[in-house]
Amino acid sequence: MGGLIAGIYWIVLEVVVHFLGQFDGWLVIPTMTISGLLAGIIIHIIGDPGEISLIVNNIRFNKGKLDPKRNPSMILSSLLCVGSGGSLGPEAPLVQVTGSTGTWMGKLFRLKGEELRSMSIAGMAAGFTALFGAPLGGSLFALEILHHKHVVQYYKAITPALVSSLFSYVVFALVISLGLGALWHVPVYEYEGMFDFGLAVLYGIIAAAVGWFFIYLTKSFKKIFEWKTMPIYIKMMIGGVILGLISYAFPITRYFSHYEVNELLTTQYTLWMLIAILFFKIMAISITVTSGWRGGFIIPLFFVGATIGLIISEIFPDINASLAIICSMAAINSTVTRTPMSTTILVATLTGFTYLTPILFASLTGYFLAPKLPFIASQLREEKE
């Protein structure tokens with residue numbers, strides 16, 4: 001069911017992207033402004049579907065229940081937000097819908113306690129896997145993102161999540177005719193010795209520093225948007241104006257980077273252009289998150305990581321660019337989401353990178369250098385609260 005839901009959502013999203021993508025150039029500004037306004041009106045009328053933090057909160061503190069009543073608002077608003085070019089991906093909407101489907105099925109079979117929670121987590125895993133195309137990475141990510149340090153807190157859900165992920169992947173692949181293989185094509189990497197592990201840590205430190213910048217920039221924008229109380233549709237419309245301006249100036253920063261990563265890797269950019277793309281992509285993600293636009297920030301963060309790696313390789317042309325790109329992608333995502341194990345597998349699967357050890361070094365570096373307070377606040381709360 002998760003694979004089927006994800007497949008239908010993806011097909012509809014492709015139609016929306018194709019239609020709204022026709023409005024490029026300066027037309028991207030009114031397109032994203034109107035999309036933000038319409039998505040905000042949907043949320044205002046139907047109800048607030050919440051974000052990834054609410055999903056984590058419900059799994060941990062609401063007996064593992066995700067409310068299916070939030071799905072219409074989440075689906076409609078996210079299709080507009082993601083389809084018009086917001087810098088958030090469909091992973092959060094998919095996880096909400098497939099996770100709540102797991103909750104519904106659990107109730108249908110009269111499951112309770114950890115069994116019901118496991119069904120919800122299995123649904124989340126189905127959503128993650130359909131988008132990432134990585135059954136093992138998707139199932140681990142659904143477990144790892146629930147807590148900032150206790151990876152196996154819900155260990156009973158590991159097998160259900162893995163089974164759900166496998167079947168979701170097969171069904172999703174059949175629905176959208178998905179092929180096997182890497183999604184992003186990084187330069188070929190050749191192992192050059194143990195020194196590569198040290199470089200992986202170094203790249204991880206650099207990417208973690210950028211991750212800190214992203215986290216605190218997002219918190220700053222959140223304070224700005226909360227400074228004055230306003231209806232959600234006005235806030236999302238303002239966000240749309242800013243996002244439209246950024247997309248007009250730097251078209252590669254538009255959308256959630258599913259296809260733009262390959263464009264970034266295959267286009268020759270100057271160092272200053274790469275730095276500008278990095279800054280404005282981070283700003284675009286922050287604005288999208290804080291102005292109420294709906295979606296997930298995982299794939300956009302991978303784009304940011306790839307840009308960091310390209311900047312490093314541009315400054316030091318003799319290094320292996322592939323190692324810098326891969327390690328930066330892994331480290332920044334681990335810094336923000338606190339998911340080193342699943343991030344390692346996801347990055348390896350999405351890029352076809354076969355050497356897991358350097359990626360794991362970078363992921364753990366980002367994880368250990370992450371701020372004390374996690375970006376997803378509900379990862380930190382304890383049961384006693």
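**Charges over rings**

I began with Lys-219, which lies over the face of Tyr-216. The distance to the ring centre is 5.0 Å. I note here that the model is predicted.

I then went to Lys-281. Its charged end sits over the ring of Phe-303, 5.2 Å from the centre.

**Aromatic pairs**

How many aromatic pairs does a search of the whole structure find? I get 15.

I looked up the pair of Phe-132 and Phe-141. The centres are 6.1 Å apart and the planes make 65°, an edge-to-face arrangement. I checked the cover on both rings. Phe-132 has a relative accessible area of 3%, so I log this residue as buried. Phe-141 comes out at 0% and is buried too.

Next I took Phe-353 and Tyr-355. Their ring centres are 6.3 Å apart. Because their planes stand at 70°, this pair is edge-to-face; the cut-off is over 60 degrees. Are the two residues buried, or partly exposed? Phe-353 is at 6% relative accessibility, so this residue counts as buried. Tyr-355 is at 37%, so this one counts as partly exposed.

Phe-213, Phe-250, Phe-279 and Phe-280 make up one aromatic cluster.

**Ala-6**

I turned to helix α1, residues 2–20, which holds Ala-6. The relative accessibility of Ala-6 is 0%, so I count this alanine as buried.

Which residues touch Ala-6, once neighbours within four places in sequence are left aside? I find Leu-94, Ala-130 and Phe-172. I also took a C-alpha distance from Ala-6 to Pro-90 and got 9.4 Å. These two residues are 84 apart along the chain.

**Ser-168**

Ser-168 is in helix α8, residues 158–176. I get 3% relative accessibility for Ser-168, which means that this serine is buried.

Ala-130 was already in my notes as a contact of Ala-6.

**Helix α5**

Leu-94, a contact of Ala-6, sent me to α5, which covers residues 91–108. I count 18 residues in this helix. From the first C-alpha to the last, α5 reaches 25 Å.

Is α5 mostly covered or mostly open? I find it mostly covered, with 14 of its 18 residues buried. After the helix comes Arg-110, and its phi is positive, near 55°.

**Positive phi in loops**

I followed up on positive phi elsewhere. Tyr-255 is not a glycine, yet its phi is near 75°. I placed Tyr-255 in the loop between α10 (232–249) and α11 (260–266). Its relative accessible area is 14%, so Tyr-255 is buried.

Arg-338 is another non-glycine residue with a positive phi, about 60°. Where does Arg-338 sit? I find this arginine in the loop between α14 (321–337) and α15 (340–351). Its relative accessible area is 6%, so Arg-338 is buried.

**The chain as a whole**

I left the overall picture for last. What does the secondary structure come to? I count 16 helices and 0 strands. I compared the radius of gyration, 20 Å, with the 21 Å that the globule rule gives for 385 residues. The values are close, so the chain is as compact as a globular protein of that length.

Along the principal axes, the C-alpha trace spans about 60 × 45 × 45 Å. Of the 385 residues in the chain, 57% are buried.

I looked at sequence separation too, taking contacts between residues at least 6 apart. Of these, 82% join residues at least 24 apart.

My final entry is the surface. The chain exposes about 16,400 Å². Carbon and sulfur atoms supply 69% of that area.

Technical notes
Residues are numbered from 1 along each chain as its sequence is written. This is a predicted model: local features need pLDDT of at least 70, side-chain atom pairs count only at pLDDT 80 or more; totals for chains, interfaces and linings use all residues. Side-chain values use heavy atoms; hydrogens and water are left out. Helices (H or I, at least four residues) and strands (E, at least two) are DSSP runs, numbered from the N terminus. The expected span of a helix is 1.5 Å times one less than its number of residues. Buried means under 20% relative accessible area, exposed over 50%, partly exposed in between (1.4 Å probe, protein chains only). Contact means heavy atoms within 4.5 Å. Rings of Phe, Tyr and Trp (its six-membered ring) pair if their centres lie within 6.5 Å; planes under 30 degrees apart count as stacked, over 60 as edge-to-face and the rest as tilted. A charge sits over a ring if NZ of Lys or CZ of Arg is within 6 Å of the ring centre and within 35 degrees of the ring normal. The radius of gyration is taken over C-alpha atoms; the globule rule is 2.2 Å times the number of residues to the power 0.38. Accessible areas come from the Shrake-Rupley method with a 1.4 Å probe; for residues, only the protein chains shown count as cover.
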